[in-house]
Amino acid sequence: MHIAIELFCGVIIGFTLGLIGGGGSILAVPLMVYVVGVKNPHVAIGTSALAVAVNALAGLVSHARQRTVKWRCAAVFAPFGVVGALVGAALGKEVDGQKLLLCFAILMIVVGVLMLRGRRNPGIAGAACNRDNMPKVMASGLGTGLLSGFFGIGGGFLIVPSLVACTRMPILNAIGTSLVAVAAFGASTALSYMVSGYVDWVMAALFVIGGVIGSTLGTSAARRLAGVGSTLTTFFAGVIFVVAAYMIWRSLVAL
């Protein structure tokens, strides 16, 4: 039963990553702590970072086949984000976990509001990284990577709106492109926590197996929803608000 629960949680995380390009690690930590029963929050963060990185790669394969990945943007965004993630992870391990979750939940609400404000913008199909927006893409990569490592998450829900804002690409392309950065950020964060002994390898493997299945289903769903105007963006913001509300409640109870 315990193995089945971990596999099912992995499916949920993978589906979320494939569908909206983020939110997987935000769900992973609460699932590991409150559903699976992991006692140490840092182990949950380190293990989820590893699982999300691998699951993001699985989702990336599906998006790559559907040609929704802007590889040039990913090649610029991800390396700067990795630097930020390594710095952020080192800082995050020194801060109380409950306070981190509370601050992060507030940040999620801000991002969700910004996403809803721009949900009517379909984006520009041919948008890509160029000389004009390259500095913005680099700065966004560094900033989102720092937050990703600091809070111990993949950062997809930050990466997607950042890519849309910097390049004006459609959200489906931003989701596919974001998975490159999510994988890179997650791997960097996991490496930092791994060195400190905060990774449960068996649990990570079970979450990955379930996540591969979920990411395939999520990618197919994302492609269908992307053709219904702002539906995907609205759903993206809705997930952020729901998870943020839950995190605020749990954090306030724990403080």
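Let me start with Y34: partly exposed, at a relative accessible area of 31%. Partly exposed sits between buried, under 20% relative accessible area, and exposed, over 50%, with a 1.4 Å probe and protein chains only.

A word on the source. This is a predicted model, where local features need pLDDT of at least 70, side-chain atom pairs count only at pLDDT 80 or more, and totals for chains, interfaces and linings use all residues. Residues are numbered from 1 along each chain as its sequence is written, and side-chain values use heavy atoms, with hydrogens and water left out.

Now the rings. Phe, Tyr and Trp (its six-membered ring) pair if their centres lie within 6.5 Å; planes under 30 degrees apart are stacked, over 60 edge-to-face, the rest tilted. That rule gives four aromatic pairs. One of them is Y34 with Y246, edge-to-face, 5.9 Å centre to centre and 85 degrees between the planes. Y34 is in helix α2 (residues 24–36) and Y246 in helix α10 (residues 231–254), so this pair ties together parts 212 residues apart in sequence. Helices here are DSSP runs of H or I, at least four residues, numbered from the N terminus. Y246 is partly exposed too, at 34%.

Next pair: Y193 and Y198. They are tilted, 6.1 Å centre to centre, 55 degrees between the planes. Y193 is buried at 1%. Y198 is partly exposed at 24%.

Back to Y34. Ring pairs link Y34, Y246 and W249 into a cluster.

Last, helix α4, residues 71–92. What is buried there? Among others, C73, F77, G81, G84, G88 and G92.

How values were computed: Helices (H or I, at least four residues) and strands (E, at least two) are DSSP runs, numbered from the N terminus.
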